Amino acid sequence: MDVILKNGRVVDPANSMDTEADILVKAGKIAQVGKGLKVQDARQVDCKGKVVLPGLIDSHTHFRQPGREDEEDFVTGSRAALKGGFTSVLCMANTNPVVDNKGVVEYICSEAAKAGLINIYTVAAVTKGLEGKELTETAQISAAGAKALSDDGKPVINPEILRRAMEYAKMFNLPVISHCEDPFLSRNGVMNEGLLSTRMGLKGIPRAAETVMVARDIEIARLSGARLHIAHVSTKESVEAVRQAKKRKIAVTCETCPHYFVLTEEAVSEYNTNAKVNPPLRTQEDVEAIKKGLSDGTIDIISTDHAPHSAEEKDVEFDFAATGMIGLEFAASLSYMELVKKNVLDWKGFAEKLSINPSRLLSLKNKGSLSEGADADITVFDPSGTRKVEISSIESKSKNTPLLGRELAGTAAIVIVGGKIKYENGKFC
Amino acid sequence: MAVAWKRKDLLDLESLSAEEIELILETTGSFKEISQRPIKKVPTLRGQTVVLFFFEPSTRTRTSFELAAKRMSADIVNIQTSASSLTKGETLKDTARNIEAMKVNIIIMRHSCSGAPHMLAGSVSPSIINAGDGSHEHPTQGLLDIFTIKEHKKKIEGLNVSIIGDIAHSRVARSNIWGLTKLGAKVTVCGPATLMPPEVEKLGVKVTYDIKEAIEGADVINMLRIQLERQGQNLFPSIRDYSMAFGLDAGKMKMAKKDVLIMHPGPVNRGVEITPEVADGPYSVILEQVTNGIAVRMAVLYLLSGVKERVE
Amino acid sequence: MKIKEKAKVLDAEQIDKSLVRIAHEILENNKDVEDLAIVGIRTRGAILAQRLAAKIGSIKGSLVPVGALDITLYRDDLTTVAEQPVVHKTEIDFDIHESVIVLVDDVLYTGRTIRCALDALIDFGRPKSIQLAVLVDRGHRELPIRADYAGKNIPTSQKETVQVKIKESDGVDEVVVAEKED
């Protein structure tokens with residue numbers, strides 16, 4: 001049956017739209033957008049007081065399939081995405097086996113289709129086995145459907161290999177997503193380097209470990225002319241480096257994650273392994289710089305870096321604990337609370353960072369906008385919705401989040417993927 | 001004494017108040033005499049079980065704790081293991097819960113990872129005593145150092161205490177810094193810049209890379225053990241270079257005050273951070289530290305054994 | 001719970017007289033003893049022990065060794081009290097082996113404190129004998145222990161408390177009987 005979303009606040013930056021309107025969804029596409037639409041034989045959904053957005057897209061997700069399906073798989077990950085308002089995600093390549101050949105890309109595309117809940121895309125590794133030595137077969141991988149190249153989880157240590165990879169990727173218009181970390185500077189580090197790491201007796205990761213690689217990769221982007229996308233920016237200096245690169249018209253984009261503008265390193269005090277993440281949580285100064293970068297457009301995308309880990313991997317000594325936290329279910333709420341409510345971004349900015357910009361990065365066709373004829377991927381966000389983060393209500397298979405116990409404001413009320421309502425008022429359909 | 005002991009665990013000195021530290025020091029004074037009796041045993045911990053859970057090799061600290069517990073009539077169990085041997089599927093928490101299920105009262109824990117005792121403290125009901133965790137803290141060593149200083153100098157407030165060596169990796173340094181600054185001492189840390197933890201000056205200490213500055217005017221000099229394996233990590237060029245710049249020898253001692261105390265947490269690398277003539281010289285209180293260690297640990301065992309509130 | 005003072009049973013002068021009497025009795029009972037020593041139980045017993053030792057010393061014309069014993073670590077109720085009592089120093093810097101020890105406390109009540117003190121003393125060596133001197137014996141023994149020397153016997157009820165105040169610790173010398181009010 002067709003669906004008509006009535007009287008919602010429709011926010012669609014692609015069409016410079018922010019107004020109360022109705023949206024008619026027909027045959028998986030957006031059929032019509034306008035005021036007072038009158039349609040028979042369509043399910044009427046009242047969206048008064050809610051914000052109707054192009055479906056949210058996460059450009060940085062780990063679904064652990066194949067390899068660690070005990071931590072997450074396409075179905076549970078998709079449910080977590082829907083609950084958080086996401087209609088599309090991009091999975092990173094550090095699975096087991098690594099997504100470094102056509103076969104694994106095809107496996108992911110077909111398994112993701114079987115899960116059938118959201119759009120699941122994949123990156124492919126820059127180098128075979130993420131080892132930083134040998135390029136993956138980019139032409140075949142691209143043809144199989146990979147949307148970007150990334151060795152995420154690790155940097156490409158050898159700049160010459162990165163250069164060649166980027167030159168090659170350019171031919172297929174694939175962006176290279178760079179995990180910026182100098183492994184020599186960050187060696188054995190488990191948290192931000194500073195007074196707190198001194199107090200806790202933990203090995204710190206200096207901010208420079210990130211920034212030197214951001215600076216290096218920007219120069220390689222300039223050299224190669226390829227599109228560089230910097231993953232999970234965490235420091236003030238990285239934001240500044242990207243800002244300068246953009247001024248120099250280098251093809252660089254970047255993303256940050258909600259934990260880098262919501263939390264600081266204080267979250268790891270008491271040795272809370274759920275707050276152990278890479279890059280590490282930084283300081284209030286960095287939080288402010290990241291918010292500024294989001295508001296002035298230096299930071300293009302808010303991604304989740306959704307990184308599920310089992311309790312066994314987190315319930316251990318801080319030094320031995322796995323890095324990363326789950327994020328899909330909370331990213332939209334956190335962005336609303338910290339950015340929209342605090343006037344860092346307006347709703348248009350929110351939709352840019354969480355939908356159209358990731359769509360552009362990955363060259364997704366007919367996604368990221370509410371244009372007539374576009375895919376009917378729609379997120380209806382309820383700013384008055386609330387959620388308390390509790391283990392029992394987390395959809396993800398893994399429960400590793402430092403947000404446990406927090407009250408969140410703003411929730412996804414309805415999520416439509418490909419014209420079908422997949423999630424509505426707390427229930428999966 | 002105004003305060004009573006309320007804490008289930010002794011994890012660090014950072015979270016203790018000056019009054020709590022004073023309480024432990026006062027209590028230590030009362031316990032010191034027991035080790036001088038012909039019968040070095042009191043019945044206080046009769047029927048209580050103390051587990052020494054050591055994930056890192058240690059002779060001194062383990063022996064000191066063991067004697068402290070034995071002199072208080074506790075039953076002792078020793079578990080010596082390494083962090084890596086636990087990775088066979090069993091986590092630290094599993095092991096601790098198993099120990100807990102055997103109804104023990106106090107777990108004394110040493111671990112190569114900072115924060116490991118904190119993790120256990122929140123999840124098991126026996127009291128946890130941190131016997132050194134990674135580069136974080138070694139609270140009983142800090143307490144015994146402060147007790148030894150106070151025995152000689154009668155006070156802590158206003159004293160100039162210099163800690164010299166590998167500050168970055170030293171749990172002894174951190175516990176000393178917290179304890180001493182809380183009690184009003186002026187602490188100077190000295191060592192190569194490569195072995196200085198970031199932003200350490202924000203802990204309220206003076207930082208110097210010049211050993212002369214650390215020696216002159218110091219009432220107490222605490223020399224830290226240098227881990228010889230750091231040499232391969234480019235944290236200092238060579239042992240010889242380190243000794244020359246930061247080792248304490250008779251020549252440098254000429255700059256020291258006439259009533260300076262020389263301390264060292266042991267074991268001493270003779271000829272590296274301190275020469276034998278200084279370590280065994282008239283200013284050295286290194287062996288007194290060892291003696292006082294037992295009294296401090298008895299005092300801590302006594303105070304913790306009285307805490308009635310336990311986590312479920 | 002409030003405590004109401006009911007009666008002063010000994011004043012400063014009476015306390016002093018009691019101690020003088022006890023001093024004489026001790027010397028009387030231990031005529032041929034060479035190694036006589038006094039050990040008081042902290043806090044007030046230790047102060048009384050000092051005074052008693054001084055009196056014995058002046059009668060005898062020679063110094064009597066005196067020590068202080070803290071019995072906290074020997075208490076049988078540590079697992080039940082709310083928080084750990086403060087441990088004070090034990091100071092017995094003479095050899096008790098083969099000597100006659102007069103143990104001194106302020107009040108003898110259940111006898112449990114004395115039991116602790118006996119255990120503690122024996123950890124210092126093997127005295128020839130131990131005798132017990134108290135300022136007040138208020139009855140209600142729970143262990144087979146009796147005083148060899150008592151300043152005053154004061155029959156009390158369990159609801160009452162006997163408070164011995166000593167100048168050095170309480171600012172005044174007196175003994176009062178008080179009652180707990182619910």
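Predicted model: local features only at pLDDT ≥ 70, side-chain atom pairs only at ≥ 80, totals over all residues.
Residues are numbered from 1 along each chain as its sequence is written, while chains are lettered from A and ligands numbered from 1 in the order in which they are written.

**View 1**
Chain A is divided into domain 1, made of 2-51 + 376-428, and domain 2, made of 55-361, with bounds that come from an automatic or database domain assignment. The C-alpha centres of these two domains of chain A lie 25 Å apart. Their contact takes 32 residues from domain 1 of chain A and 40 residues from domain 2 of chain A, two residues being in contact if their C-beta atoms, placed from the backbone, lie within 7 Å. On the side of domain 1 of chain A that touches domain 2 of chain A, at least two residues each are supplied by β1 (2-12), β16 (378-388), β17 (407-417) and β18 (420-424) of chain A, and β17(A) gives the most, with seven residues. Helices (H or I, at least four residues) and strands (E, at least two) are DSSP runs, numbered from the N terminus. The residues on this side of domain 1 of chain A divide into 18 nonpolar, seven polar and seven charged; Ala, Val, Leu, Ile, Met, Phe, Trp, Tyr, Cys and Pro count as nonpolar, Asp, Glu, Lys and Arg as charged, and the others, Gly among them, as polar.

**View 2. The contact of chain A with chain B.**
Here 19 residues of chain A are in contact with 22 residues of chain B. Helix α5 (residues 195-200) of chain A gives the most to the side of chain A that touches chain B, with five residues. That side of chain A comprises seven nonpolar, five polar and seven charged residues.

**View 3. The contact of chain B with chain C.**
Chain B brings 19 residues to this contact and chain C brings 15 residues. Both α1 (18-32) and α11 (286-305) of chain B supply at least two residues of the side of chain B that touches chain C, and α1(B) gives the most to that side, with four residues. By class, the side of chain B that touches chain C has 10 nonpolar, five polar and four charged residues.

**View 4. The two domains of chain B.**
The domain assignment of chain B gives domain 1 (18-138 + 292-305) and domain 2 (140-290), and the C-alpha centres of these domains of chain B lie 25 Å apart. In chain B, 19 residues of domain 1 are in contact with 24 residues of domain 2. The elements α1, β4 (127-133) and α11 of chain B each supply at least two residues of the side of domain 1 of chain B that touches domain 2 of chain B, a side with seven nonpolar, eight polar and four charged residues.

**View 5. The packing of helices α5 and α11 of chain B.**
Helix α5 (residues 139-153) of chain B packs against α11(B) at an angle of about 120°, with their axes 8 Å apart. Axes are lines fitted to C-alpha atoms, for helices over the stretch in contact, and angles run from 0 to 180 degrees between N-to-C directions. The angle makes α5(B) oblique to α11(B), where angles under 35 degrees count as roughly parallel, over 145 as roughly antiparallel, 65 to 115 as roughly perpendicular and the rest as oblique. Among the residues that make the contact are B:Leu143, B:Leu144 and B:Phe147 of α5(B), together with B:Asn292, B:Val296 and B:Val300 of α11(B). By class, the contact of α5(B) with α11(B) has five nonpolar, five polar and three charged residues.

**View 6. The open sheet of chain B.**
Five strands of chain B form an open sheet in the order β7-β6-β5-β8-β9, with parallel pairing; two strands pair if DSSP finds at least two bridges between them. The edge strands are β7 (206-208) and β9 (261-263) of chain B, each of which pairs on one side only. Strands β5 (residues 160-164) and β8 (residues 220-223) of chain B run parallel and are joined by four bridges, and the bridge partner of B:Val161 in β8(B) is B:Val220. Helix α6 (residues 171-182) of chain B lies across β5, β6 (186-190) and β8 of chain B, running at about 160° to β6(B).
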